[in-house]
Amino acid sequence: MRAAALVAVTALALVSPCAGPSALGATSAKPFDGARAMTHVRRIAAYGPRVQGGTAERKALGYAANQLKSWGYAVRWQTVTLPGGRTSRNIYAERRGRSADVVLLGAHIDSKYPSPGANDNATGASVLLELARDVASMTPEPTLRFVLFGAEEMSGRTDENAHHYGSRQYVAALSPAARQRIAAMVSVDMVGYGTVFNVRSMRRGPQTAVRSLQAYGSSVGRPLVFRLDSGASGWSDHEPFELAGIPAAWVQWRSDPAIHTARDTAAHIQSARVTATGRLLRGWLLSLDAADLDALRP
Ligand SMILES: [Zn+2]
């Protein structure tokens, strides 16, 4: 990111609540609005436990799709095959940038029974939705793709590899050229509770996205602490991207004692964490110039 552009974007994000014409030649009525994001958190959590392939997951995906359509996005659906012949779905939408290079933001919308999954992961899904609204009339440098994944959580109790169905099948369906166009992927997963803001990876793929996020965070006084994702098959949707050689990272606030319990309700979410995550990602996405996208490539 060029220093001048970075300063301009940062000033826009942090100082001006009603941004006028931005340094990027586009406008947004209001930069990332934490209150709007929290409305999505409450709506998605209210569907209850969103078990993969179940009715509540499908309703939450429908809600997200309708929101995206209301901001002018064309929403696409992808069927996800689950064990036992059931199906889940991913949905995705894109804001074209000046470059065909894609920065992909992903968040799973399912939750682990019996949890209503407010933090895990209505928060990540809601940050994606509010970012999508925010940039709907912008033309950033990268093309921004927003993907809501189904079926991230483990389907069984013991097989730690039985998860990430939506994201794995998304990556598997990419053509080599489509895979090549993804300059970076960020999984936004559990961003509404905790004291430490982490950026994570399995350290088994390119680390350029991790480093780019860390550099941006430090430059705006929001440092991201690296924490290894030590799961044998990872613990979020960055896993299949990272293993496919795509620069990938997971952003997460830690730690939440309510994970995967009925206590993970909207009432326990720390909205300031959701807002901080959205603003960090917004600033990072809009700071990326052509040279930064080149630098992300492994
Ligand atoms: Zn999660």
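Select Leu104 first: its bridge partner in E5 is Met185. Strands here are DSSP runs of E, at least two residues, and helices are runs of H or I, at least four residues, both numbered from the N terminus. This is a predicted model: local features need pLDDT of at least 70, side-chain atom pairs count only at pLDDT 80 or more, and totals for chains, interfaces and linings use all residues. Residue numbers start from 1 along each chain as its sequence is written.

Now widen to strand E3 (102–108) and strand E5 (182–188). They pair in the parallel sense over 5 bridges; pairing takes at least two DSSP bridges between the strands.

Next, select helix H4 (118–135). It packs on the sheet and touches E2 (87–95), E3, E4 (143–149) and E5. Contact means C-beta atoms, placed from the backbone, within 7 Å. The direction of H4 makes about 145° with that of E3. Axes are lines fitted to C-alpha atoms, for helices over the stretch in contact, with angles from 0 to 180 degrees between N-to-C directions.

Show the whole sheet. It is open, with 8 strands in the order E1-E2-E4-E3-E5-E8-E6-E7 and mixed pairing. E1 (76–81) and E7 (225–228) are the edge strands, each pairing on one side only. The twist averages 25° from one strand to the next.

Move to E2. 7 of its 9 residues are buried, so E2 is largely enclosed by the rest of the structure. Buried means 20 or more other C-beta atoms, placed from the backbone, within 10 Å of the residue's own. E2 runs antiparallel to E1, joined by 6 bridges. Pick Gln78: its partner in E2 is Asn90.

Conventions: Two residues are in contact if their C-beta atoms, placed from the backbone, lie within 7 Å. A residue is buried if 20 or more other C-beta atoms lie within 10 Å of its own, exposed if 12 or fewer, and partly exposed in between; C-beta atoms are placed from the backbone.
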